[in-house]
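Please read through the explanation below with the sequence and the 3D view open side by side.

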Amino acid sequence: MQVGKRVGPKRKIWLLSGAVVGIAAVLGLVVHFLPSSGYSGEIRGTEPKMRLMSKEQYINTLTHIFGSNLRIDARFAPMSRKDGLLANGAAVANLDAGKLDQFRRTATLVASAVTGPEYRDFLIPCQPKDEKAADAACASQFLSSVGRLLYRRPLTDEQTNVLVQVAGVGAERLGGFYSGLAIALEGMLISPDFLFISDSYEPDPDNKGRFRYDAYSMAQRFSFLLWNAGPDDALLKAAESGEIQTRKGRERVVDMMLASPRFEVGTRAFFDDLLDFEVFDTLFKDPQIYPSITGATIVDAREQTLRTIVNHLVTQKKSYLDLYTTRETFISPALAVVYGAPAVQGWTAYEFPEDSGRAGILTHLSFLTSHAHPGRSSPTRRGKAVRELLLCQTVPNAPPNVDFSALNNPNPAHRTQRDRVKAHLENPVCAGCHKIMDPIGLTMELFDGAGVYRTSERGNPIDASGDLDGTAFKDTVGLAQALHDNPALPSCFVRRMYSYATGGPTTHDDGPYLDYLNKTFGEEGYRLPELLRTIVLSPAFSQAIPTEPAGDEISEPGKAGNLTANALQHEGSR
Amino acid sequence: MKTILWSVRLGLALAVGTVQATAAAASSEETHDHPVQLGLEQGRIAYVITARNWAVYHRTPDAKGECPRGFNDGPREQFSQLFPNDGTKRTLLETQLMREGRQWFPSPEPEPFKFKELAGKVSYGLNLDGQVKDNDFVSPQGEAGIDNQLYRAIGCIAAYREHDGTSKSSRNETLRRYNYNRFIIEISDVDSLIDDDRVTVKSYRGLDPLMTDASGEAFLPGGTQEIDERWGGFARATWTGRIVQGVLHTEPADLTLPAAGSFGTTDNYSLKAYRFRLALTPEHAEGVMAGYVDVEEFIHHVNMTATSLQSYGQLSSPSLYRALRRFADGYPDPTSGEMTAISSALEVEFVRVYLVEPSTPAKQSSRVSRAH
C-alpha cells in the first residue's frame, strides 16, 4: 500500500525485526478555503502524520484497556524536541532495533500479565474449553475486542484470523491456551498499527476535491490530544456510526471528552511537554549544597506545577495568563520544607503568602530548580527558558569558543550574580543574547538554585530589578505581572497548542488562523477548554492535506489514503 | 548519633549560631548562607525527637577507664558457663526455657555471675535531688551531684556502648522508622531563644514521618507534625522552664514517652520527674532529658527485644535486673521502703517542626496506613 491509495485488504501481524522506519512529513502547500464559525479567512488543513506513541500514551492506553492494577514499567527512548515540543518530535521519530527491543520487552511483560492467572479471569471475556490447547473461538473473541481498542479501529477479518492463528500455533508449541494468547497479544503490542498513531484520510463529501480525516483518525486525534491516550469504546462507537464526521456529533464528542477526568491527563501531558518537564527525569542537585532537595522534592516539584495548572485551567476554568501571577497552589511535605510552610501528608491547597516573593508558576520549585545548575542558580538559564518556552522566542546557543572563565572562576570582588554576569554584557559576542535573558533571570536571583527565597547572596543584598520588553520591575512579583501582560505570552501558548493539536510545527501560512485563535482566546478569557474546543472543531483539525507522493503514485482527488503500517511495510520493502 | 557532643554544645550554645553561619558562608557559593528562615511563630516553637539514647559516657580507649574489668557477659556466654558442652544430657526446659523464664520472671536472687559495674566518675545527666552524695557522678563540665545510677548499671554492657552499642543503633533505627515514636515538644511563651526567664513546654505525640535530607541520614528542619491522639493524649505533659544562654532548663514533670521497637511493637516509658536541658537553635534542640525510670518497666523494655538481639550486645537481662535493683535510688516502695526507680538520663536530639492540630481520626488512620 502506498501513500495516497486506499488501504488494501491484506494486512499482516507485524512482528518487526528491527527495520529502521523513518517518518518525515513533507510540507504540503495546498490551502483550503473552508468556512468556520466566526472565521472567514483561510484555514489550512493539516498533513497526515504518523507519530510514534509516547511512553505516557502507551501506558495510559493500556491502563484504560486493562486497568490500573496492571503495573506497566515502560522505558522508552526519549523523543527529540522540535519547535518547542516533544510531540512534534514524535512525528519524525524513527524506530530502530534498539527502540523496538524496548517496546518488545514491555509488550512481553504486559501480555504475560494480562493472560496470567492473576488477571485473566477479569480481562479475558471467555474461558477456553481446555487450558492446555488452542481455542479459536475464545481467542477470536478476546483478540478482536482488544485489537479494536489497541489499533483504534475494528480489526479486519483477516487481521483477526491471523492473530487467532498465531495464538493457536503458540498454544500448540507452548502447551497452553493462555501462552498462545500472550504471543498474539505481544504481537499486537509491537505492531505499527498500535505503536504508530497514523492519520488516514478520505474524500470530503461536503467539499468536492478536498479531503478529510476518516472517522477513526478523527477519534484518535481527539483522544490523544485531549486524553493523551487511545480512544475508548464510546469514542470508537461515535466513529463507527459516523457521528464524529458531523459538526454536531463532533461537538458532542468534544464536550464529553472535555468533561471527562481524562482531560486532566491530557492537560498534564501538554504542559509537561510545553514546560520541558522531561528534565525532571534526570535533574540532579548537589546534596552537599542543597540538602533539602531530595528525590521526593524533585518528583513533587513537577507534580505541584501540573496540579496547579489542572486546578487553575481545568477545574476552575481560569485565565491562562493568571497562571503566571496566582499565588494559589498545592504543597506536599517535601515541598513545604523548602517553602518554609507547614503541610500535612499528601497534597493540600496552599496560597503563597504575599510577602513570600512568589507569584505564579515561575516561582514554583519546578521552574527554579530545573533552570539552574546542580550547585548554583542561573539567571541565564532562567531567562532563556522564559524566552523560549513561554514566549516562543529563539535564543541561539552560546558560541563554541565562549570564555566561561569569568563565571567558573569568579572574581571575589563580584559580590553577587549580577556582578558576575556583567561579563556577558561587556563582551559584544555575548551581549546580544544575554541582554534579552539576563534582565529576566537576574530578578529570579531572589531564589537560589534550590528555589529557596533569599534577599542576599553571601551577605550582599540582591538587586532584583529587571526588565521584560520595556516593562521594568523590581522583583519576581513584578516580573510575573510583566509576563502576564506581555502579548507574546498568550500568542505563544496558542501557537504551541495549535502545533501540539495538529501534530507538527506551525508555518507562516498558519499565521492568519493563529491570529484568529489569539483573538478568540482573549475574547473567551484565555481559557484552555475554549481554546481547545475551537481548535479541534475547526477544519484545521479535521481536514487533510494529502502528502504529495513521489513518482507516479500521485494522490488523486476522490481517492482515499493514509499513512499506516501498510504504507510503512511497502516503504520498508523497497 | 552525631559526633558533636551535646555537652560541648551546651557550653557553647551562644556561639553555635555564629560559628555555623560563618563556616557555611565560607564553604559554599550558595544556600548555606540562606537556608529557609524559621522563626518563632507567635512565641511558639516545636521540635520532634530524632534520637534518644540512655546516656553513657565512654572517653577512654575501649572504655577501659570506665570499665577496668571489661564488659559483662551476655546470654550466650552465660549459657556456656551454666551448661558447658560436657556430655551432660539436659532438657530444653532445664536450659533455654529456664533462661528465658528468668527474663520474664526476674528475681533479685543472686546468680553465679559477677556483674561488672561501672567504675567511672563522670557521667552525663542532671542533679535530680539537689544534693551531692558519695555515689553521685560529676558532669563532663565538672558539675557535681549528677544522678545517673542507670549509667552505673548499663555502663559496662556492650549493647549500650556510647558510640557503637547495638542497642543504640537499633533504637535509633526503630525511632526513625515508626511514626509512633514521634515525641514532640512545643515551647510557648517564648520571647527569645537566647534568654527567657519563663517559658512553658508541652509534649505531644506526632503522626508523621521524619523529613530526611538528600543524604537520607540527617533530618531537615521545617517538616510538619500533626498531633496524634487517636488513642488518647497520654503523651501530653507540661513543664515550666526558662532559657538561659540558649539552653532550656525545665522543672520536673512525669511523662509517658511513646516508644515503638522492633516490628512497631509499642511499649511506652513512664518517666518520673523528668526534666529537660536542651541547647536550642531555630532549627534544632539537643541535650538531655533526665529523671527516674521504673526498674520493672525498664527491664520489660529490655525483654521486648529478642534474646538473640540481646546476645549481639552481650546484654543479659537477668543480670541487668539485679544491678538495677541494687542501684535504684528513687521512689521507695511505701511498704518495703525498697527503691523502685533508678535515676537516668537520655541523650536526645530534636529537629524543628511545624505542629498542627489533629485532623479527623479517619484521615489520620488513612495516612498511617500509607506511611507503613
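**A walk through two chains**

A:Gly357 touches A:Leu446, A:Tyr453, A:Asp475, A:Thr476 and A:Val477, when residues up to four places away in sequence are not counted. This is a predicted model. A:Gly357 itself sits in the loop between β8 (348-351) and α15 (365-370) of chain A.

Chain A has 25 helices and 14 strands. Of its 574 residues, 50% count as buried. If one takes the contacts in chain A between residues at least 6 apart in sequence, 70% of them join residues at least 24 apart.

Helix α19 covers residues 428-441 of chain A, which makes 14 residues. At 1.5 Å a residue it should span 20 Å, and its end C-alpha atoms are 19 Å apart, so the two values agree. Where does α19(A) bend? The bend is at A:His434, and it comes to about 60°. A:His434 is also one of the buried residues of α19(A).

An α-helix has 3.6 residues a turn, so residues three or four places apart point the same way.

Now take α18 and α19 of chain A as a pair. Two packed helices are described by the angle between their axes and the distance between the axes. For α18(A) and α19(A) the angle is about 135° and the axes are 7 Å apart. The two helices are therefore oblique to each other. On the α18(A) side the contact is made by A:Val421, A:His424 and A:Leu425. On the α19(A) side it is made by A:Cys430, A:Ala431, A:His434, A:Lys435 and A:Asp438.

Another helix of chain A, α13, holds A:Thr305. A:Thr305 is buried, because 25 other C-beta atoms lie within 10 Å and the cut-off for buried is 20 or more. Leaving aside neighbours within four places in sequence, A:Thr305 is in contact with A:Ile361, A:His364 and A:Ser366. A:Thr305 and A:Thr363 are 58 residues apart in sequence and 9.9 Å apart in space, C-alpha to C-alpha.

The loop between α12 (262-274) and α13 (295-315) of chain A contains A:Asp276. A:Asp276 has a positive phi of about 65°, although it is not a glycine. With 18 other C-beta atoms within 10 Å, A:Asp276 is partly exposed.

Chain B comes next. Its secondary structure comes to ten helices and eleven strands, and 45% of its 372 residues count as buried. B:Gln314, in the loop between α8 (307-312) and α9 (317-327) of chain B, has a positive phi of about 50° although it is not a glycine. B:Gln314 is partly exposed, with 19 other C-beta atoms within 10 Å.

The last stop is B:Thr60, in the loop between β1 (45-54) and α3 (75-82) of chain B. B:Thr60 counts as exposed, because it has 11 C-beta neighbours inside 10 Å. Not counting residues up to four places away in sequence, B:Thr60 touches B:Gly65 and B:Glu66. B:Thr60 and B:Gly222 are 162 residues apart in sequence and 38 Å apart in space, C-alpha to C-alpha.

Methods:
Residues numbered from 1 in each chain as written. Chains lettered and ligands numbered in written order. Predicted model: local features only at pLDDT ≥ 70, side-chain atom pairs only at ≥ 80, totals over all residues. Helix = DSSP H or I, 4+ residues; strand = E, 2+ residues; numbered from the N terminus. Buried ≥ 20, exposed ≤ 12 C-beta atoms within 10 Å, placed from the backbone. Contact = placed C-beta atoms within 7 Å. Expected span 1.5 Å × (residues − 1). Bend = angle between axes of the 7 residues up to and from the residue. Axes fitted to C-alpha atoms, helices over the stretch in contact; angles between N-to-C directions. Parallel < 35°, antiparallel > 145°, perpendicular 65-115°, else oblique.
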